Amino acid sequence: MKGELTGGCLCGAVRYSLREGLRLNAYACHCTDCQSRTGSAFSEHMLFALADLVITGELDVGEYDQPSGAHSRIHGCARCKARIYATNDSREGMASLRCGTLDNSASFVPAGHVWVKSKQPWIGLPEGAKVMDEQPRSTEEWVAFVGLA
């Protein structure tokens with residue numbers, strides 16, 4: 001998706017715009033961490049340059065040490081607790097947007113699916129979908145897997 005993107009939280013207290021810049025195509029993550037954090041079977045993300053994000057409204061932050069050792073910070077609305085984006089110390093200057101918070105979220109079809117080895121068995125993926133048992137380990141591998149938006 002080219003151009004500026006806009007979105008916000010469930011209650012409307014937080015709004016954001018994501019300027020056109022370095023961003024990757026959306027992907028679906030089926031890891032058990034995402035399942036626990038969302039209370040759902042998977043989550044949809046898009047990696048982007050944090051410097052391109054402009055937010056209005058009050059955020060709070062939750063922190064978590066991932067099994068990989070990376071320290072994650074999950075930023076969301078202080079009022080309704082909707083998660084907006086996350087950062088981790090292994091991808092300096094990058095963040096992961098929660099695509100469901102985009103105003104035009106239905107336009108973002110995942111370019112790939114990661115952590116399919118922990119995918120819920122009742123979730124069916126489209127024929128020919130790009131899948132990975134785990135996830136790319138470097139920025140270059142991410143770009144190769146999902147591509148630049």
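Guide: Two strands are said to pair if DSSP finds at least two bridges between them. Please keep in mind that this is a predicted model.

Visitor: What makes strand E3 and E4 a pair, and in which sense do they run?

Guide: Strand E3, residues 27-29, is joined to E4 over three bridges in the antiparallel sense, and because at least two bridges are required, the two strands count as paired.

Visitor: With which strand does E4 pair over five bridges?

Guide: That is strand E9, residues 94-98, and the sense is again antiparallel.

Visitor: Why is strand E4 described as largely enclosed by the rest of the structure?

Guide: Seven of the seven residues of strand E4, residues 43-49, are buried, so the strand is largely enclosed. Buried here means under 20% relative accessible area.

Visitor: Which residues of E4 point one way, and which the other way?

Guide: Ser43, His45, Leu47 and Ala49 point one way, while Glu44, Met46 and Phe48 point the other way, and all are buried. In a regular strand the side chains alternate between the two faces of the sheet.

Visitor: What makes E1 and E5 the edge strands of their sheet?

Guide: Three strands form an open sheet in the order E1-E2-E5, with antiparallel pairing, and strand E1 (5-8) and strand E5 (53-56) each pair on one side only. Neighbouring strands of this sheet are turned by 15° against each other on average, direction ignored. Strand E2, residues 15-18, pairs with E5 over four bridges in the antiparallel sense, and the bridge partner of Arg15 in E5 is Thr56.

Visitor: How many cavities of 30 Å³ or more are counted, and which residues line the largest cavity?

Guide: The count comes to one cavity of 30 Å³ or more, and about 40 Å³ of space lies in the largest cavity. Its lining is made of Leu24, Leu47, Arg91, Met94, Thr139 and Trp142, which divide into four nonpolar, one polar and one charged.

Visitor: What volume does the largest pocket have, and which residues are the closest to its centre?

Guide: About 640 Å³ of space lies in the largest pocket, and of the 30 residues that line this pocket, the closest to its centre are Gln66, Asn88, Arg91, Trp115 and Gln135. The elements that give two or more residues to its lining are E3, helix H1 (32-38), strand E8 (83-88), E9 and helix H2 (139-146). By kind, the lining of the largest pocket divides into twelve nonpolar, 13 polar and five charged residues.

Visitor: Which residues line the second largest pocket?

Guide: The second largest pocket, with about 180 Å³ of space, is lined by Thr38, Phe42, Ser43, Glu44, Arg83, Arg98, Cys99, Gly100 and Thr101. These lining residues divide into two nonpolar, four polar and three charged.

Notes:
Residues are numbered from 1 along each chain as its sequence is written. This is a predicted model: local features need pLDDT of at least 70, side-chain atom pairs count only at pLDDT 80 or more; totals for chains, interfaces and linings use all residues. Side-chain values use heavy atoms; hydrogens and water are left out. Axes are lines fitted to C-alpha atoms, for helices over the stretch in contact, and angles run from 0 to 180 degrees between N-to-C directions. On a 1 Å grid over the protein atoms alone, a cavity is a set of points where a 1.4 Å probe fits but cannot get out, and a pocket is an open set with protein on both sides within 12 Å along at least five of seven lines; lining residues have an atom within 4 Å of a point. Grid points are joined across faces, edges and corners, and a volume is the space filled by probe spheres set on the points. Ala, Val, Leu, Ile, Met, Phe, Trp, Tyr, Cys and Pro count as nonpolar, Asp, Glu, Lys and Arg as charged, and the others, Gly among them, as polar. Buried means under 20% relative accessible area, exposed over 50%, partly exposed in between (1.4 Å probe, protein chains only).
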